Amino acid sequence: MPNSNIILVGPPGAGKGTQAIMLREKLDAHYISTGDLFRSHLSNETELGKQAQTYMNAGELVPDTLTINMLSEELEKKDGSQGFILDGFPRNVAQAEALSKLLEDKQLKIDVVLFFNVPTDELVRRLSTRFTCRICQAPANLNDTESHSSSSCPQCGGELYQRPDDAPEAIKRRLDVYEEETKPILDYYDTQRLLTEIDSIGSINEVFEKVAGAL
Ligand code: AMP
């Protein structure tokens, strides 16, 4: 499905980031992760990064106006014929509505919304063993015998660190925010017949086969 416009939705830890990287390579699409963009603003110490930091560290959503403006600017960078993959946006119904409006103005449309479904106990397990690459931001899950200081990013070899929002308190808050604010967008897209559910238990490659089959 080349040139498709795809949205990835799911709770934190559902594997969206990992699948997005594989999908981007397969489709040569313009990949936008609002979480990655905020983290890059944070490490570059921009004004937006400073505004977003407290929300992010607490596991809260960054206010809509900041997030939607950032997304809108990022969409402008897409090549005309290139499709896009959105990872982590929209995160609530107001953002979903703003996106519909933005795309309408650009005469673009969403082709499919993939919902990565994983039970909560598995999400907590994945998030608490998750490390992130300082360079390419790819996520890596380490097992009990691996330490992040002696392991490196499987994608680029970069240094791994634990995101502050992968600490236990923030994980709990992010899961609550997902339930309260993000879940309602599933109905929003289901009503538009755009939603496809991906059962995301299984190996990375097994889940990717389901993703590829759904496109
Ligand atoms: P993520 O990497 O997608 O888990 O995002 C990390 C953090 O960035 C989230 O917990 C939020 O604080 C912030 N963030 C990312 N995307 C959004 C969004 N669409 N709306 C509001 N905040 C966001």
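Predicted model: local features only at pLDDT ≥ 70, side-chain atom pairs only at ≥ 80, totals over all residues.
User: How many helices and strands does the chain have?

Analyst: There are 9 helices and 8 strands in the protein chain. Both are DSSP runs numbered from the N terminus: helices are H or I with at least four residues, strands are E with at least two.

User: And what is the radius of gyration?

Analyst: For the protein chain it is 16 Å, close to the 17 Å from the globule rule for 215 residues, so the chain is as compact as a globular protein of that length. The radius is taken over C-alpha atoms, and the rule is 2.2 Å times the number of residues to the power 0.38. Along the principal axes, the C-alpha atoms fill a box of roughly 50 × 40 × 35 Å.

User: What share of the residues is buried?

Analyst: 48% of the 215 residues. Buried means under 20% relative accessible area, exposed means over 50%, and partly exposed is in between (1.4 Å probe, protein chains only).

User: What about contacts between residues 24 or more positions apart?

Analyst: Such pairs account for 72% of the contacts in the protein chain with a separation of 6 or more. A contact means heavy atoms within 4.5 Å.

User: Helix 1 next. Which of its residues are buried?

Analyst: Lys16, Gln19, Ala20, Ile21, Leu23 and Leu27. What covers them includes strand 1 (6-9), strand 2 (30-33), strand 3 (84-87), strand 4 (112-117), strand 6 (139-141) and helix 9 (204-214).

User: What span should helix 1 have?

Analyst: Its 12 residues, 16-27, should span 16 Å at 1.5 Å a residue, and the end C-alpha atoms are 16 Å apart, which agrees. The expected span is 1.5 Å times one less than the number of residues.

User: Is Gln137, with its positive phi, buried or exposed?

Analyst: Gln137 counts as buried, at 18% relative accessibility. Its phi is about 70 degrees, and the residue lies in the loop between strand 5 (130-133) and strand 6.

User: Switching to cysteines. How many disulfides does the structure hold?

Analyst: 0. A disulfide would be a pair of cysteine sulfur atoms within 2.5 Å.

User: Where is Asp166?

Analyst: In the loop between strand 7 (160-161) and helix 7 (168-182). Asp166 counts as buried, at 1% relative accessibility.

User: Which residues does Asp166 touch?

Analyst: Leu127, Arg130, Ile171 and Arg174, not counting residues up to four places away in sequence. The side chains of Asp166 and Arg174 are also joined by a polar contact of 2.8 Å. A polar contact is a pair of N or O atoms within 3.5 Å; within protein, one must be able to donate a hydrogen and the other to accept it, and residues adjacent in sequence count only if both atoms are side-chain atoms.

User: And which residues is Gln162 in contact with?

Analyst: Leaving aside neighbours within four places in sequence, Leu127, Ser128, Arg130 and Phe131. Gln162 is found in the loop between strand 7 and helix 7, and is partly exposed at 35% relative accessible area.

User: Last one: which peptide bond is cis?

Analyst: The bond from Phe89 to Pro90 is cis, with omega near 0 degrees. Pro90 lies in the loop between strand 3 and helix 5.

Key. Residues numbered from 1 in each chain as written. Heavy atoms only, no water.
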